[in-house]
Amino acid sequence: MSATNRNSKRDPRDWYRTPAWAVQELLKALPAFYPTLDPCAGDGAILEAIAGVYPGASVRGVEKDEELKLESQKRGSPVVQGDGLSVSWVGETVLMNPPYRDAETWVRKGIEEADSVACLLRLGFLSSLKRHPLFSKHPPAVVLILSRRPSFRDDGKTDACDYAWIVWSKHQVGRLGEETGVGWIKP
């Protein structure tokens, strides 16, 4: 996901590689969060970053785009081809950077099925009248704001948006009472 700079082309697949540092810092901030699934795995970047923190972790990925799935397999990531929205997430701990154009669909599935779900999203995702009922009914357990903007591009440039890991959990992963915990990640 990326709000690319003006005059830049967007990826038609709405796929943007997740920087390893963003995943690793999330896992440091939430040490009780052990991901088991990335349902929109792209080229396996999130799986690689998880392995950097938890070597030998049992985590799998699903990717709809065949080219990205093949790239992930070249990189040694356990990604299978399929529609991540069509597989069951029941009992899973999901970590994902969903396609932004339909991020709410991915978030809702995570809330409904997964034990816990952490999504890398624009901070603006939280400020929406359309999504207000979602947040009222299902407040996140924690919002971890990235103090540094991630680059989703090979050239290292960032876009004009701020990002956060937004985490929903059926357990007490990061939850402060019944209120949403807010924190900051500084790499």
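Reader: Which residues of helix α4 (residues 103–113) are buried?

Author: This is a predicted model, in which local features need pLDDT of at least 70, side-chain atom pairs count only at pLDDT 80 or more, and totals for chains, interfaces and linings use all residues. Residues are numbered from 1 along each chain as its sequence is written, and side-chain values use heavy atoms, with hydrogens and water left out. An α-helix has 3.6 residues a turn, so residues three or four places apart point the same way. Buried means under 20% relative accessible area, exposed over 50%, and partly exposed in between (1.4 Å probe, protein chains only). Helices (H or I, at least four residues) and strands (E, at least two) are DSSP runs, numbered from the N terminus. In α4 the buried residues are Ala103, Glu104, Trp106, Val107, Lys109, Gly110 and Ile111.

Reader: Which residue forms a salt bridge with glutamate 104?

Author: Side chains of opposite charge can pair when their charged atoms come close. The criterion is a side-chain nitrogen of Lys or Arg within 4 Å of a carboxyl oxygen of Asp or Glu. Glutamate 104 pairs with lysine 130, their closest N and O atoms being 3.9 Å apart. Glutamate 104 is in helix α4 and lysine 130 in the loop between β5 and α5, so the bridge ties together parts 26 residues apart in sequence. Glutamate 104 is buried at 14% relative accessible area, whereas lysine 130 is exposed at 65%.

Reader: Which residues do salt bridges with shared partners join into one network?

Author: Arg17, Asp43, Glu48, Glu71 and Arg75. Within it, glutamate 48 meets arginine 17 at 3.8 Å, N to O, and arginine 75 at 2.5 Å.
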